[in-house]
Every structure is written in C-alpha cells, then in structure tokens.
Amino acid sequence: MQKIAISCEAPSLDASLDPRFGRAAGFLIVDPQTMAFEYRDNGASQAMAQGAGIQAAEIVAAAGAGVVLTGYVGPKAFQALSAVGIKVVQNLDNLTARQALEKYTTGSVGFAKQPNRGRHGA
Amino acid sequence: MKVAVASGKGGTGKTLLSASLFSVWKDPLVVVDLDVEEPNLHLFLNPEISGTRTAELEIPVVDAAKCDYCGKCAQLCQFKAINVLGEVVLTFTEMCHGCGGCLAVCPRGALTSGSRPLGEMRWGRIGSDRFLMGALRVGEAMSPPLMRVVKQKLQGMLSEAAADVIIDAPPGVSCPAVNAVMDSDVIVLVTEPTPFGLHDLRLAHEAFAQLGKPMGVVINRAGLPGSDVDDYCRANHLRVLAKIPFDRRIAETYAAGGVIAEAMGELRPFF
Amino acid sequence: MIEVVVLSGKGGTGKTSLTAAFAHLANGSVICDLDVDAPDLHLLLQPRQMASEPFISGHEARIRAEHCNGCGLCMTLCRFNAIAESDAVPRIDPLRCEGCKTCVALCPSQAIDFNPKQCGQWYLSQTRMGPLVHAQLIPAEENSGRLVALLRQKAKELAQERQLSLVLSDGPPGIGCPVISSLAGASLAVIVSEPTPSGEHDLVRIVDLCDHFQVPVGVIINKADLSVDYHRRIETFCDERTIPLLGSLPFDTVFIEAVVKGRAVTEYVPDGIADDIRRIWAAIEAMAKIGTTV
C-alpha cells in the first residue's frame with residue numbers, strides 16, 4: 001500500500017491535522033501497514049511569496065507518498081499533485097493525524113476531483 | 001526632457017495634468033500613458049492610432065524528449081513557474097517573470113522560448129505630436145513586463161525623432177509606479193490638500209527620493225480644507241510648481257472628457 | 001464568513017471613505033486595509049496597534065565586489081536592466097532587481113549573494129469600529145500581492161477567533177496583482193465608480209476582472225451629479241451586464257470634511273448623505289446576505 005502524507009502541525013500522529021496544504025507546518029509520511037512514519041518540515045513553502053502549494057506538492061512527491069490527507073488545497077497545488085498521480089483527500093479539519101488516517105483507511109472519505117480553494121487560500 | 005507625472009494617492013489628477021501639460025507644451029512631444037492597468041489619457045487626448053501590437057513575455061516551453069528531469073530549472077525558478085516532480089515537468093506560465101534563468105541553466109537544451117500575452121500596445125499621433133500607451137490584459141497580474149515593452153517602444157520612437165516626453169504614471173508607490181518614473185528626468189507629484197493626499201504624498205516622496213531625481217509638487221483641488229501639504233513641501237524642500245484651485249467646473253469639464261487647459265482658458269497660466 | 005471587498009479600478013473614487021462608513025454601520029466586522037501601497041483607512045479609524053510583524057518576501061541579489069572578476073556576464077543576462085557598471089565593477093540596483101536568481105546561479109565566480117528581503121510591515125490593531133488588519137509596503141518595494149493575501153488570511157483567522165461573520169476590506173486601485181489577490185474567493189466586490197470617461201473606462205476593466213474570478217459585483221456611483229450623461233452610461237452598462245446598482249451619491253464636500261476630522265461620513269453628519277450611505281449599506285447587506293449566515 002502506498003505511503004500517505006498528512007499535513008500536520010507537529011511531528012506526531014496525535015498532533016492536529018493542519019488544514020492548509022500549501023502552508024502547513026509539515027507533513028507526516030506514514031506507512032499505513034507498519035504505522036512507521038517520518039516528518040517532513042514544510043518551512044520552505046511557508047516562506048515563499050507565491051507557489052507555496054507547488055513547493056509543498058514537491059515535498060510530498062519527493063517523500064514517495066501516493067495519497068495526501070489535508071484540508072484545503074489551492075488549484076496549482078492540486079494540479080501539481082495530480083500531475084504525478086498523487087490522490088487528494090481534502091476538507092479534513094479539527095482532527096488529529098491519527099484520526100484522519102483512520103477515516104481514510106476505513107474508507108469513510110473519498111478522493112477529490114478538484115481543488116476546494118482558490119488562489120492564495122481564498 | 002522626460003517628465004513623469006505620478007502620485008501616491010489615486011484620483012489626484014495625474015491624467016488631468018498630463019493632458020493639460022500636453023496641450024500647452026510648445027516643443028515636439030511624445031506623450032506616454034504608462035498606467036497600463038487603467039489607462040485613461042487616450043480618452044482625453046483622442047489620438048489617431050496608427051499601430052497596435054500585442055506585447056508578449058518570453059516563457060519556457062518544455063521539449064519532453066530532451067528533458068532528463070534533472071530539476072535545475074525548478075531549483076532556480078523563484079516564482080514556481082517551472083517545477084519538476086518526479087518525471088513530470090509542470091509549468092505555471094502565468095507566474096513566470098520572464099527572467100530567462102531556466103532557459104539559461106538547462107543543461108540539455110530542453111527549454112525553448114514561448115510567449116504569454118501581456119496586453120496591448122497602441123501608438124499614433126495627436127496633431128504633430130506622438131502618443132503611446134499600454135493596456136494590460138485583464139487577468140494579467142503584473143504590469144512591469146508590459147511597461148518594459150512600452151518603454152522599449154518609446155526608445156525606438158525617440159531614436160526616430162528626438163522629443164520631450166510626458167509620462168502619465170500609475171498611482172501608488174510600489175513596482176508599477178517606480179517602473180514608470182525611474183527613467184524620467186523630472187518627477188511631478190500630484191497631490192490634494194486632504195489628509196489622504198498628504199499621507200500618500202509623503203509615501204510617494206520617500207519612494208521616489210531613492211531615484212535621486214528632481215521632484216516638484218502640483219497641488220490639485222487647492223482651497224479644500226487642510227493646508228498641511230504646503231508645510232510638508234516647505235519642510236522637505238519640495239518645490240510647489242502649481243496649485244490648481246478646487247472648482248466644481250473643473251470636475252464637470254473633466255467628467256465631460258474635456259482637457260482643462262483647453263476648456264478653461266483662465267487656468268492656462270497654471271500649466 | 002462573508003468577505004466584502006471595496007474596489008474601483010480607477011483611484012480616488014471614494015473607496016476608503018465609504019469603507020469607513022460601512023465599517024461604522026456594520027454590526028461588527030474585521031476591517032482590512034488591502035491598499036498596502038498607500039493605505040489610508042487608518043487615518044479615519046485611529047487604530048491602537050496590538051501587534052506588528054515584518055513582511056519578508058522574495059530575495060535581493062547583491063554582488064560581493066571583492067569576489068567579482070569583472071566578466072560582466074551578469075549584465076548580459078539580466079532581463080531587468082538591474083546591473084550596471086559603477087567604478088568599473090558591476091553593481092545591482094535594488095530597485096530594479098526582480099529577485100529572479102539568474103545572475104546568482106550563473107556567476108562564474110559565485111560572487112553574488114541572494115538575501116531575503118523585507119518588503120513591509122503588517123499590523124493588527126484595535127479601533128472604535130472593530131479590529132483592523134493593515135500593512136505598509138516599504139516604499140518602492142514589491143510582492144504587494146503576497147502581502148494582500150497574508151492580510152486576508154489574518155483577517156479571516158481573526159474573524160473566526162472573535163466569532164465575527166464579516167470581513168470588510170478597503171481594496172487597492174487598478175487591476176494588477178494586489179487587486180487579484182484581494183478579489184479571489186471574496187463573497188462580494190463593491191465597486192465605487194464615478195461618472196467620468198475614466199470612471200466608466202476603468203469600471204469596465206474591474207468588472208471584467210471580477211467576472212474572470214467569478215466574484216459577484218455591485219456598483220455604487222459616487223460624485224453622481226458630475227455628469228448626467230456618464231451617470232446614464234454607467235447605469236446602462238450595469239443594466240447590460242445585470243449588475244445591481246447599489247446606489248448613487250452626489251458630489252459632496254462633506255466627504256472631505258469628515259476625512260479632515262478623522263471620521264467616517266456617517267459619524268460626521270447625522271442625515272442627508274449619511275442616509276444615502278445607510279441605504280447603500282442595507283443593499284450591500286441584502287446582496288451579500290450579511291447577518292443571515294455565520
């Protein structure tokens with residue numbers, strides 16, 4: 001099963017899911033079979049004037065994730081993720097990374113067909 | 001001589017002043033509207049347009065056959081206009097600033113030049129003088145690239161026949177405004193004696209002072225409550241070139257598309 | 001949460017004065033001054049600063065003269081005419097440098113530094129009408145679009161925190177990146193126009209931009225009695241594009257008097273034009289459904 005990237009506020013499965021994809025604090029990259037995970041800091045994207053979402057997509061892609069669990073994704077980030085075949089589960093909020101993972105693995109959330117946010121988080 | 005007519009605050013009367021200066025100027029002139037986001041000068045001067053051209057920005061086009069996804073282009077690009085994710089090159093050409101860096105840095109020659117339309121450039125004549133303007137495509141975010149193209153055209157026009165230049169600049173103090181005034185010899189700041197006018201005059205003065213060009217101020221709608229603008233100018237050794245009185249008739253003439261210096265003879269001395 | 005942005009295309013039509021009046025009439029809102037280039041709203045709201053942060057965005061290239069070998073490659077590469085010789089050494093003009101990194105990457109001596117740039121400062125303040133989120137771009141700097149986006153984000157976060165359902169923003173003039181940034185995803189664009197050739201011309205462009213970003217539009221004609229002819233033309237335009245006309249306001253020096261006194265027009269006078277503005281605000285509330293959704 002593919003690795004799953006979760007936009008997260010801190011390097012722990014019990015930390016809150018960060019609803020902003022492009023400017024999330026970081027990403028937990030989880031192997032759902034072993035529940036082993038690593039954390040990729042997203043500071044580089046946060047500092048960007050424009051294209052933060054694209055930078056975040058690059059980080060997720062470089063980590064080898066096949067699925068992203070997050071809240072809000074802008075159109076360019078969505079395009080970038082889709083271009084490399086990474087599937088997006090969006091609209092998640094107010095839960096921990098662990099809870100988000102459970103929702104996904106139990107099949108109670110589906111993949112997004114289009115981004116749910118405009119440019120610059122609008 | 002190149003005179004740029006600028007301001008911090010919008011709506012102070014730059015276009016009104018540019019049009020009126022044009023009508024009283026004695027020497028050969030090229031009048032340029034560099035407020036490419038909202039160009040208005042042509043509405044008052046009614047130029048006879050003899051040429052138009054779509055101005056374009058050079059953007060990268062990827063030849064997938066030659067690309068080996070080394071990512072050097074993406075590493076360089078500060079604007080995320082070109083990105084490499086795994087074995088996909090993704091471009092967002094609307095973000096491209098046209099710097100040519102990716103094209104220069106690609107080791108495989110996999111990038112060639114494409115273009116993105118910036119807007120339209122129009123030129124022509126008003127009597128024996130020449131006119132030039134740019135109009136940004138609606139949806140194009142950046143004005144400086146189009147402004148650069150228009151300025152290049154201006155250079156071409158001046159090398160054909162030398163003339164003075166009046167530049168109608170956009171409002172504000174950031175990159176579009178600075179771009180419009182940076183190549184001029186003199187900057188005229190148009191303001192109004194209101195708190196907004198003074199506040200924005202100060203910002204404009206600070207911004208453009210860095211360019212080291214002589215600056216003068218024209219106070220429009222003089223006579224309105226608030227006289228701090230005079231004090232500011234005096235304290236900062238800014239020459240007040242003229243004070244156009246606050247007169248409803250001026251507003252009405254302007255509203256009817258008239259050029260003030262023409263329509264209201266008594267105001268000619270001001271210009 | 002509802003976001004209303006007051007725009008105009010053309011400068012000087014009355015955005016700031018009207019935004020202050022709307023903030024006064026609204027039943028609680030987060031107020032935002034998105035004209036980061038030349039912000040003026042604070043002159044009417046007398047804010048008490050609560051927090052202030054630098055806005056760092058983009059980079060600036062700088063040549064280390066001691067490591068430069070004078071090859072001049074940077075000068076030929078730079079598309080922005082930012083590099084010129086000064087005392088036989090190339091020098092980068094910070095006002096022209098676009099921060100693209102091309103010279104930095106290609107300098108054979110690696111003699112060019114690339115440093116983050118502070119472009120401005122943003123503020124969170126308290127005013128008699130509610131919280132104000134505002135900023136000042138350092139004169140001649142760029143990245144105003146990004147600063148506008150940052151302010152909007154902060155305003156929305158604040159609205160959520162304080163359980164306010166409305167963000168009311170004084171927008172920038174023009175149609176460029178700061179305007180696009182203020183517009184995308186907004187609930188309603190209120191466009192303040194004036195009946196003059198420029199006012200009409202610029203109205204068309206800003207309306208086209210709003211349509212492009214699918215933001216609903218309402219129009220106010222300010223200084224309406226300056227030209228009966230152009231007033232009619234603007235009405236016709238709005239009709240053709242099915243844009244609601246929120247109202248018309250006559251040219252009135254009371255606007256300027258209120259500014260001089262540092263007050264919103266609706267605070268300065270009890271009736272007359274203040275009543276007209278109240279009616280316009282009621283129309284905006286109805287159109288944006290303010291007060292009926294949270």
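Tutor: Happy to. Let me start with a term: two residues are in contact if their C-beta atoms, placed from the backbone, lie within 7 Å. Please keep in mind throughout that this is a predicted model.

With that term in hand, take chain B as the setting. Among its contacts between residues at least 6 apart in sequence, 72% join residues at least 24 apart. Chain B has ten helices and eleven strands, and its C-alpha trace spans about 70 × 40 × 30 Å along the principal axes. Of the 271 residues in chain B, 55% are buried.

What pairs with S7(B) in the parallel sense? That is strand S2 of chain B, residues 29–33, and the pairing runs over four bridges.

The contact draws 52 residues from chain B and 52 residues from chain C. On the chain B side, helices H4 (101–105), H6 (175–181), H7 (195–209) and H9 (248–255) each supply at least two residues. H7(B) gives the most, with seven residues. Sorted by class, this side of chain B holds 26 nonpolar, 20 polar and six charged residues.

Within chain C, there is a helix pair to look at. Helix H7 of chain C, residues 197–212, packs with helix H8 of chain C, residues 228–240, at an angle of about 10 degrees and with the axes 10 Å apart. Angles under 35 degrees count as roughly parallel, and H7(C) and H8(C) are therefore described that way. From H7(C), C:Gly199, C:Glu200 and C:Leu203 meet C:Tyr230, C:Arg233, C:Ile234 and C:Phe237 of H8(C). By class, the residues of this contact are four nonpolar, one polar and two charged.

Five strands of chain A form an open sheet with mixed pairing, in the order S3-S2-S1-S4-S5. Strands S3 (36–41) and S5 (87–89) of chain A stand at the edges with a single partner strand each, so one side of each has no neighbour in the sheet. From one strand to the next, the twist averages 25 degrees. The partner of S3(A) is strand S2 of chain A, residues 26–31, and the two pair in the antiparallel sense over six bridges. Within this pairing, A:Asp31 has A:Ala36 of S3(A) as its bridge partner. Helix H4 of chain A, residues 97–105, packs on the sheet and touches S1 (3–8), S2, S4 (65–69) and S5 of chain A, with its direction making about 140 degrees with that of S1(A).

Methods
Residues are numbered from 1 along each chain as its sequence is written. Chains are lettered from A and ligands numbered from 1 in the order in which they are written. This is a predicted model: local features need pLDDT of at least 70, side-chain atom pairs count only at pLDDT 80 or more; totals for chains, interfaces and linings use all residues. Two strands pair if DSSP finds at least two bridges between them. Ala, Val, Leu, Ile, Met, Phe, Trp, Tyr, Cys and Pro count as nonpolar, Asp, Glu, Lys and Arg as charged, and the others, Gly among them, as polar. Axes are lines fitted to C-alpha atoms, for helices over the stretch in contact, and angles run from 0 to 180 degrees between N-to-C directions. Angles under 35 degrees count as roughly parallel, over 145 as roughly antiparallel, 65 to 115 as roughly perpendicular and the rest as oblique. A residue is buried if 20 or more other C-beta atoms lie within 10 Å of its own, exposed if 12 or fewer, and partly exposed in between; C-beta atoms are placed from the backbone.
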